[in-house]
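Hello,

Here is the structure I promised to pass on. Please open it first, then read my notes below.

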Amino acid sequence: MPLSWRFMMRVPVPARLKKAVRSWFDSRYISVADHRQDIKDALWEVQTLRREVTTLQEEVRRLRAVRQQGPQPAAQAAAATAVAEKAAEAHRLAHETAQALDRILQNEVLLWQAVDELRAANEGAVGGGQSCA
């Protein structure tokens, strides 16, 4: 426990000052409920991205099947161009999706670290208050 908190626990401090300090700390940190909502939003986005990745994988399978079947000789050039364009688009979308998913997972890790820090701080404050009673 920091020395300043020990000092505040043992020395009479005006209630207005305690309230001001607590409100200052509360204004600097996000509440646990907000963290939970952020985590729910991140989970929803991960699920959406998972569906997009599944759709892209199906598109890639379909394009590979079309390429393996081989089109008619007359339409082969046009089909090859179309397949190449769709494959490039699928690759671009898969790359963007992977980057977005990576950012989401990094943010989720940061959120959980913040929640753990809040829990540790809350347990420290609760434990500190009980020991001085």
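Of the protein's 133 residues, 14% count as buried. The accessible surface comes to about 10,800 Å². Carbon and sulfur atoms hold 58% of that surface.

Keep in mind that this is a predicted model. The average pLDDT is 80, and 80% of the residues score at least 70. Confidence is lowest in helix α1 (residues 3–10), where the mean is 57. It is highest in α3, at 89. Where pLDDT is low, the predicted coordinates should not be read in detail.

**Overall layout**

The protein has 4 helices and 0 strands. From the N terminus, the order of elements is α-α-α-α. Take the contacts between residues at least 6 apart in sequence: 84% of them join residues at least 24 apart.

**Helix α3**

This helix covers residues 32–69, which is 38 residues. How far apart should its ends be? At 1.5 Å a residue, α3 should span 56 Å. Its end C-alpha atoms are 55 Å apart, so the two values agree.

UniProt, in an unreviewed entry, places a "coiled-coil region" at residues 32–66. In the model that stretch is 100% helix and 0% strand. Its end C-alpha atoms lie 51 Å apart.

Which residues of α3 are buried? They are His35, Ile39, Ala42, Val46, Thr48, Leu49, Leu56 and Leu63. As background, an α-helix has 3.6 residues a turn, so residues three or four places apart point the same way.

**The core**

The largest nonpolar core has 5 residues: Ala42, Val46, Leu49, Ala100 and Ile104. Two elements, α3 and α4 (76–131), each give two or more residues to this core. The largest share, 3 residues, comes from α3.

Setting aside residues up to four places away in sequence, Leu49 touches Thr97, Ala100, Leu101 and Ile104.

Is Thr97 buried or exposed? Its relative accessibility is 6%, so Thr97 counts as buried; the cut-off is under 20%. Beyond residues up to four places away in sequence, Thr97 touches Leu49, Glu52, Val53 and Leu56.

His35 is found in helix α3. With a relative accessible area of 6%, His35 is buried. What does His35 contact, leaving aside neighbours within four places in sequence? The partners are Ile30, Leu111, Ala114, Val115 and Leu118.

Ser31 lies in the loop between α2 (15–28) and α3. Its relative accessibility is 35%, so Ser31 counts as partly exposed. Ser31 and Val115 are 84 residues apart along the chain, yet their C-alpha atoms are separated by 9.0 Å. Val115 is also one of the contacts of His35.

**Where to look**

For a quick tour, begin with Leu49 and its contacts, including Thr97 and Ala100. Then go to His35 and its contacts, among them Leu111 and Leu118. Finish at Ser31, in the loop between α2 and α3. Treat helix α1 with care, given its mean confidence of 57.

Best wishes

Terms used
Residues numbered from 1 in each chain as written. Predicted model: local features only at pLDDT ≥ 70, side-chain atom pairs only at ≥ 80, totals over all residues. Heavy atoms only, no water. Expected span 1.5 Å × (residues − 1). Buried < 20%, exposed > 50% of the residue type's maximum accessible area, 1.4 Å probe, protein only. Core = buried A, V, L, I, M, F, W, Y, C linked by side-chain atoms within 4.5 Å. Contact = heavy atoms within 4.5 Å. UniProt positions renumbered as here; feature names shortened; annotations may be inferred. Areas by Shrake-Rupley, 256 points an atom, 1.4 Å probe, with all protein chains shown as cover. pLDDT = per-residue confidence, 0-100.
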